[in-house]
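Okay, thanks everyone for coming.

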Amino acid sequence: MGFAGAADAGETIVISSDEDVVRVRQLTRTVAVRVKLSLVDQTKLVTAASELARNTLVYGGGGSAEVTVVDSGRRRGVRIVFSDQGPGIADLDLALTDGWTSGGGLGLGLSGSRRLVDEFDIQTVVGEGTRITVTKWSR
Amino acid sequence: MERVPVLKIGDFLLVSIQVDMEDQIALQLQEDLSARIVETGVHGVIIDITALDIVDSFVGRMLSTIAAISKVLDAETVVVGMRPAVAITLVELGLSLNGIRTALNVERGMELLARAREDELFLDLGDDDSAETDSDGAAVRS
């Protein structure tokens, strides 16, 4: 995976409806509280998770979110991996630009979420899907 | 399906969002609220988001849409009760709540709407008086 830190077994939520986006938010909140993220950091992570889960649903045609606790030895954090088998993103630079949207959204999903987390990684193949990994560390 | 209640309080409509917003609930709220604005003829809508622990771009867009619809129906919208952590996150996310006024709580939201309404009526009077072009009138119209 290319990320530092050990991880315990994560919990996966299948994203195929609006209610699943709510479920991703709730699980993210629970895990963020467990690793003692500050209230502001919890809010940032849950908001990013909501944006990315909705992206997975709307643009990826559904997929999954895996939420895990990670430990760098010094700090603990929450890592979430969003995967879909959707159309992929042809122009990643463009998709990461503020205000750009291929759908009816505000175009803040990717660029905004990236600002809300500590680590952000995106792997995408046109015609195969997208995998986004975000991590927020406790301070 | 869950529904967000729309309450009339004095000259305002109060909407308190307590549930996790989803597409259907948001659409239903738009319909209910616009019907109530027409039915009651109020000029102000207060949306209380005290209970929301996050505002993402979906909810932000919903709030902007509601404000725009209300505006067309001659009602101002003010969003009240935003939590500090939500405000910090909104700004970092890059969400600008277009066309939305904010106040810290319901009471201040009511004050703001009452004041906005007075200013608007005063401006209307100023327009009717447009024959008089004294410096005060010009300042009001600018």
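Some housekeeping before that. This is a predicted model, where local features need pLDDT of at least 70, side-chain atom pairs count only at pLDDT 80 or more, and totals for chains, interfaces and linings use all residues. Residues are numbered from 1 along each chain as its sequence is written, chains are lettered from A and ligands numbered from 1 in the order in which they are written, and side-chain values use heavy atoms, with hydrogens and water left out.

So, chain B. It has 5 helices and 5 strands; helices here are DSSP runs of H or I with at least four residues, strands are runs of E with at least two, and both are numbered from the N terminus. Reading from the N terminus, the order is β-β-α-β-α-β-α-β-α-α. Of the 142 residues in chain B, 43% are buried. By buried I mean under 20% relative accessible area, with exposed being over 50% and partly exposed in between, using a 1.4 Å probe on protein chains only. And if you take contacts in chain B between residues at least 6 apart in sequence, 71% of them join residues at least 24 apart. Contact means heavy atoms within 4.5 Å.

R3(B) and D32(B) form a salt bridge, 3.0 Å from N to O. A salt bridge, for us, is a side-chain nitrogen of Lys or Arg within 4 Å of a carboxyl oxygen of Asp or Glu. R3(B) sits in the segment before β1 (6-9) and D32(B) in helix α1 (residues 23-40) of chain B, so the pair links parts 29 residues apart in sequence. R3(B) is exposed at 54% relative accessibility, while D32(B) is buried at 17%.

Now, how much area do chain A and chain B bury between them? About 1900 Å², with 56% of it on carbon and sulfur atoms. That's the accessible area (1.4 Å probe) that two parts lose on being put together, summed over both. The contact takes 23 residues from chain A and 19 residues from chain B.

On the chain A side, the elements giving two or more residues are α1 (18-34), α2 (39-58) and α4 (109-116). The largest share comes from α2(A), with 9 residues. By class, that side has 7 nonpolar, 8 polar and 8 charged residues. The classes go like this: Ala, Val, Leu, Ile, Met, Phe, Trp, Tyr, Cys and Pro are nonpolar, Asp, Glu, Lys and Arg are charged, and the others, Gly among them, are polar.

D53(B) is partly exposed at 35%, whereas R29(A) is buried at 15%. Then there's E92(B) with K44(A), at 3.2 Å from N to O. Here the pair goes from helix α3 (residues 84-93) of chain B to helix α2 of chain A. E92(B) is partly exposed at 29%, and K44(A) is buried at 10%.

Next, the cores. A nonpolar core is a set of buried Ala, Val, Leu, Ile, Met, Phe, Trp, Tyr and Cys residues joined through side-chain atoms within 4.5 Å. The largest one has 62 residues, and V78(A), I80(A), F82(A), I17(B), M21(B) and I47(B) touch the most other members. Leaving aside neighbours within four places in sequence, M21(B) is in contact with R25(A), as well as V4(B), A26(B), L29(B), F58(B), V59(B) and M62(B). Apart from that core lies another, of 8 residues, including L14(B) and L112(B).

Last stop: L96(A), in the loop between α3 (92-95) and α4 of chain A. Is it buried or exposed? L96(A) is buried, at 14% relative accessible area. The C-alpha atoms of L96(A) and L110(A) are 5.7 Å apart, although the two residues are 14 apart along the chain. Beyond its neighbours within four places in sequence, L96(A) is in contact with L110(A), S111(A), R114(A) and F120(A).
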